[in-house]
Amino acid sequence: HTSAGGVLVALRHRQGCYWIEIWDSGVGMNRSQSELIAQEFAQFSAESNMPGSGLGLSMVAKTAALLGLRVRMCSRAGRGSMFALELPLVQWQADELVASEPVAPHALRIGLVGDHDNARLALTLSLEAVGHQVIAASTGAQLLGKLGAQAPDLVIADNRLHGGETGLQVIQRARSLFLADLPALLISGDTDPGLADELAAQGVGLRLKPLQWSEMESYLRGISRRRDL
């Protein structure tokens, strides 16, 4: 609720706890409104262009209570508001730390196709962050053009692409150009058992949306190990 000014997010140590504080320079509230704001469907914004259900703070307050945490706030009409969530201090022991297994024995060259720009970029950055080389594209033709004559170690494709193209079609074209058993993974929001059966028959892996990174890591480790054999 800040049309001009800014929002500050801070972490503060206070009375033996850490607090996440969110300050805004918005419309604010008077004292009587502040006492009622955590109630369901309470809305006190003076600006009609700020839609909402009036459920946000009530859900935060209830969830915090279930976790045994505190929420506090202060606000001044015309000046802005501050909301804070308590984070209790915890103690940890160094011997509790467990060395994690490397994500992959070595980097893979991965061909990635997806027509949702933000999702494709997010997955590209995640894969590159753990050492893999990613050749990303929005269409099958674009991906194959970028790959050139060098076969990838793995093709990852979104199921549904623009123009009626499917990720499985991209995988099949890549296999016809490179290796018939080229490792491939399809990412899909479709839970149709028929799709899973079709992919299994062609030796194509399947990961459902929303994508779980732990599952992706496990899959990449398997591909890396097979390449080392």
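## A five-stranded sheet

Five strands, in the order E6-E5-E7-E8-E9, make up an open sheet with parallel pairing. Strands here are DSSP runs (E) of at least two residues, helices are runs (H or I) of at least four, and both are numbered from the N terminus; two strands pair if DSSP finds at least two bridges between them. Strand E6 (133-137) and strand E9 (205-208) stand at the edges with a single partner strand each, so one side of each has no neighbour in the sheet.

This is a predicted model, in which local features need pLDDT of at least 70 and side-chain atom pairs count only at pLDDT 80 or more, while totals for chains, interfaces and linings use all residues. Residues are numbered from 1 along each chain as its sequence is written, and side-chain values use heavy atoms, leaving out hydrogens and water.

## Inside the sheet and on it

Let's look at one pair of strands. Four bridges join E5 (residues 109-113) to E7 (residues 154-158), which run parallel. Leu112 stands opposite Ile156 in E7.

Helix H3 (residues 117-129) packs on the sheet, touching E5, E6, E7 and strand E8 (184-188), and its direction makes about 170° with that of E6. Contact means heavy atoms within 4.5 Å; angles run from 0 to 180 degrees between N-to-C directions, with axes fitted to C-alpha atoms, for helices over the stretch in contact. Helix H5 (residues 167-177) lies across E5, E7 and E8, at about 170° to E8.
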